[in-house]
Amino acid sequence: GSLIIEPNVIWTRDELLGGLDALEKNYLKIVNDDLVEEVLYEMKTSVAIWQEIVELASRVKCRDKRTESFIRYSARYGLLLHGIMEQGWNVMLRGYLYERTGKLDRTAFSIALEKYDRLREEYRNLKSDYGDDSSLYVDRYPGKWVWNRDQERIMGMGVSVDKYRQLLIQ
């Protein structure tokens, strides 16, 4: 949730992370109201909270080492997921701002893109590192079953990030 913008309940669903197609109305309002930096700071704050959770989880001691490991795994999972969301939004929102205004902070954009890629890799490795059977969020929607109310296929965060990745090539 956000304290700055109206919640969008469809941009994450089940194990899916939405992209521009799910967030465009939010992004239009954010850009029009000049809230880009405030929204990105809010997301950065959520990641800082998850970093605190990871630190606290590292101090939890349990008799059952499997439970102790799961607590740490869950905290790491939350940190990586929220980091991916933060950097995905950073890339997509800055890309959207560029499309609307022609303004692009290439340094901030490039850093966000690098962090997004690194976090996605760490996140994919998390499952194999811990051997847990949890389902991980995906940034590309599989198959043909994810549709919006207008029966248009929704692509996911990864497709939107890749679309804006091309801005660095220009």
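Helices here are DSSP runs of H or I with at least four residues, numbered from the N terminus. The model is a predicted one, and the tour begins with Glu86, which you will find in helix H3, spanning residues 65-101.

With Glu86 selected, look around its side chain: the residue is buried and yet has no salt bridge, for Lys44, the nearest side chain of opposite charge, is 5.4 Å away, while a salt bridge needs the two charged groups within 4 Å. The side chain of Glu86 does make a polar contact of 3.3 Å with that of Gln87. Beyond its neighbours within four places in sequence, Glu86 is in contact with Met43, Lys44 and Val47.

Select Tyr27 and Tyr96, whose ring centres are 5.9 Å apart and whose planes meet at 55 degrees, so the pair is tilted. This pair links distant parts of the chain, with Tyr27 in helix H1 (residues 20-32) and Tyr96 in helix H3, 69 residues apart. Tyr27 is buried at 0% relative accessibility, and Tyr96 is buried too, with a relative accessible area of 2%.

Now select Tyr73 and Tyr77, a tilted aromatic pair with 6.3 Å from centre to centre and 45 degrees between the planes. Both residues lie in helix H3, four residues apart, which is about one turn of the helix. Tyr73 counts as buried at 3% relative accessibility, as does Tyr77 at 17%.

How values were computed:
Residues numbered from 1 in each chain as written. Predicted model: local features only at pLDDT ≥ 70, side-chain atom pairs only at ≥ 80, totals over all residues. Heavy atoms only, no water. Helix = DSSP H or I, 4+ residues; strand = E, 2+ residues; numbered from the N terminus. Buried < 20%, exposed > 50% of the residue type's maximum accessible area, 1.4 Å probe, protein only. Lys, Arg positive; Asp, Glu negative; His and termini not counted. Polar contact = N/O pair within 3.5 Å; in protein donor to acceptor, adjacent residues only side chain to side chain. Contact = heavy atoms within 4.5 Å. Phe/Tyr/Trp six-rings, centres within 6.5 Å; stacked < 30°, edge-to-face > 60°.
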